Amino acid sequence: MNIAHLVEAKRSGHSHSSDEIKSIIHAYSRGDVPDDKMSSWVKAVHSQGMSDEEIIALVDAMLTSGERMDFSNISKFVADKHSTGGVGDKVSLVLGPLMAAAGLAIPMISGRSLGHTGGTLDKLESIPGYRTNLSISEFRATVETVGIGMIGQTDEICPADRKMYALRDAIGITKSIPFICGSIMSKKIAEGIQGLVMDVKVGAGAFMKTVEEARELAEKLTMIGKHFGISIDVIFSDMSQPLGNESGLWNEIQESILTLKGGGPEDLSRVTFKLGGSLLRQADMASNDGEARDLQIDLIKKGKAYRKFLEMVEAQGGSPSSLDRPDYYAAGRYMSQVIAPKAGYITSMETLKIGQAVNHLTVMRKGKIRRLDPAGGVQFKKKIGDQVDAGETLALCFGGDEKRVKEAALDLARLTGIGEEPVAPRRLFYS
């Protein structure tokens with residue numbers, strides 16, 4: 001394989017064969033292709049795109065770089081969800097345990113923060129002791145006994161995707177449909193699932209800014225699912241502002257717990273129930289939206305959803321007792337208020353840049369080296385459509401680095417629009 005030749009071919013608009021794509025991905029996964037050469041190929045693909053056949057080959061190459069799980073030995077419907085990412089998007093932390101409480105098996109391989117989006121793994125690792133690096137045998141045992149496991153890519157599952165994910169983050173190639181599809185679907189197929197619900201985000205804080213872009217991605221994901229024999233439902237939800245009231249690490253864990261106990265923000269609950277309804281219908285456990293919603297509410301009211309979350313945390317080495325301590329990381333944490341400069345109504349939030357500000361508080365990067373600050377995050381007091389007074393607190397920024405906290409507060413003040421006339425709240429779903 002001549003990687004330089006393949007880079008030039010792609011730059012010139014030529015398509016790769018399935019064998020060529022497999023050679024590139026597998027060679028990079030083994031360490032036979034250096035980061036600088038792979039970066040050139042990634043940038044060429046980002047510029048020129050891929051055909052459906054190339055995307056299928058990319059997914060297959062990432063999938064076959066490691067092992068594929070098999071849950072055919074259990075009678076439960078095996079399913080998962082995925083979001084294309086956003087700010088404050090903690091749905092996996094609520095939906096996963098909720099679906100496991102309903103009787104589904106949820107093997108969830110999640111990712112870390114990428115670009116302006118938060119990462120489920122980073123949030124989970126803010127739970128003291130929680131292990132996201134289970135082996136396949138440990139992961140399978142957790143899913144079979146608890147009903148849910150939430151981990152990251154391992155040396156066994158899609159190792160090529162893990163390297164590609166880190167590389168894309170380092171070089172800033174995040175909004176690329178072929179690589180988004182390859183990353184999402186290789187992990188999901190490797191999980192051995194039968195059903196999948198996709199939450200494709202739309203708006204200022206999403207990779208897909210318009211419904212048209214979102215539909216293009218959804219069509220590719222559905223095409224891949226059909227090819228590999230997986231049932232897929234796609235939901236389009238709004239990301240013109242953060243989801244819920246918390247964005248960060250430990251604070252998102254706390255808001256997820258609140259939602260699992262029935263007291264979370266309405267928008268987070270609505271997205272969760274919408275996605276959950278799709279999975280319950282796929283599993284033939286509900287025949288319509290109303291029936292599915294009632295089932296989910298009942299599981300929350302009876303405490304079964306939260307208990308399932310606790311079971312998962314304990315099974316993966318986490319400390320369940322820490323979850324009842326919202327101030328666990330309060331010591332040494334700095335805080336700064338975002339103050340409204342004038343009275344009026346919140347008219348807009350530059351959510352992508354807000355997400356970057358949040359990640360500036362939570363993920364410290366030096367090249368490809370990352371360090372997490374579990375204490376970092378933002379609490380939003382006001383969102384689009386809310387009325388504010390001059391001097392009122394719009395948000396609270398916090399974290400272990402005083403300079404970063406102050407910078408984030410200044411950024412959020414600049415990124416939040418205030419107008420004189422009221423505006424309608426954003427719609428939550430698109431058709």
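Reader: In which helix do Y306 and F309 both lie?

Author: This is a predicted model. Y306 and F309 are three residues apart, about one turn of the helix. The helix that holds both is α14.

Reader: Is the aromatic pair of Y306 and F309 stacked or edge-to-face?

Author: A pair of aromatic rings is described by the distance of the centres and the angle of the planes. For Y306 and F309 the centres are 6.5 Å apart and the planes are at 20 degrees. Planes under 30 degrees apart count as stacked. So the pair of Y306 and F309 is stacked.

Reader: Is F309 buried or exposed?

Author: Buried means under 20% relative accessible area. F309 has a relative accessibility of 1%. Y306, its partner in the pair, is at 10% and counts as buried. By that cut-off, F309 is buried.

Reader: How many aromatic pairs does a search of the whole structure find?

Author: The stacked pair of Y306 and F309 is one of them. W250 and Y329 form another aromatic pair. The search of the whole structure finds five.

Reader: Are the rings of W250 and Y329 stacked or edge-to-face?

Author: Their centres lie 5.4 Å apart. Their planes are at 80 degrees. An angle over 60 degrees counts as edge-to-face. So the pair of W250 and Y329 is edge-to-face.

Reader: How many residues apart in sequence are the parts that the pair of W250 and Y329 ties together?

Author: W250 lies in helix α11, residues 250-260. Y329 lies in the loop between α14 and β7. So the pair ties together parts whose separation in sequence is 79 residues.

Reader: Is C158 buried or exposed?

Author: The cut-off for buried is under 20% relative accessible area. C158 has 0%. C181 also has 0% and is buried. So C158 is buried.

Reader: Which ring does the charged end of R333 sit over?

Author: A charge over a ring must be within 6 Å of the ring centre. The charged end of R333 is 4.6 Å from the centre of its ring. Elsewhere, K274 lies over the face of F429, at 5.3 Å. For R333, the ring is that of F398.

Technical notes:
Residues numbered from 1 in each chain as written. Predicted model: local features only at pLDDT ≥ 70, side-chain atom pairs only at ≥ 80, totals over all residues. Heavy atoms only, no water. Buried < 20%, exposed > 50% of the residue type's maximum accessible area, 1.4 Å probe, protein only. Phe/Tyr/Trp six-rings, centres within 6.5 Å; stacked < 30°, edge-to-face > 60°. Helix = DSSP H or I, 4+ residues; strand = E, 2+ residues; numbered from the N terminus. Lys NZ or Arg CZ within 6 Å of the ring centre and 35° of its normal.
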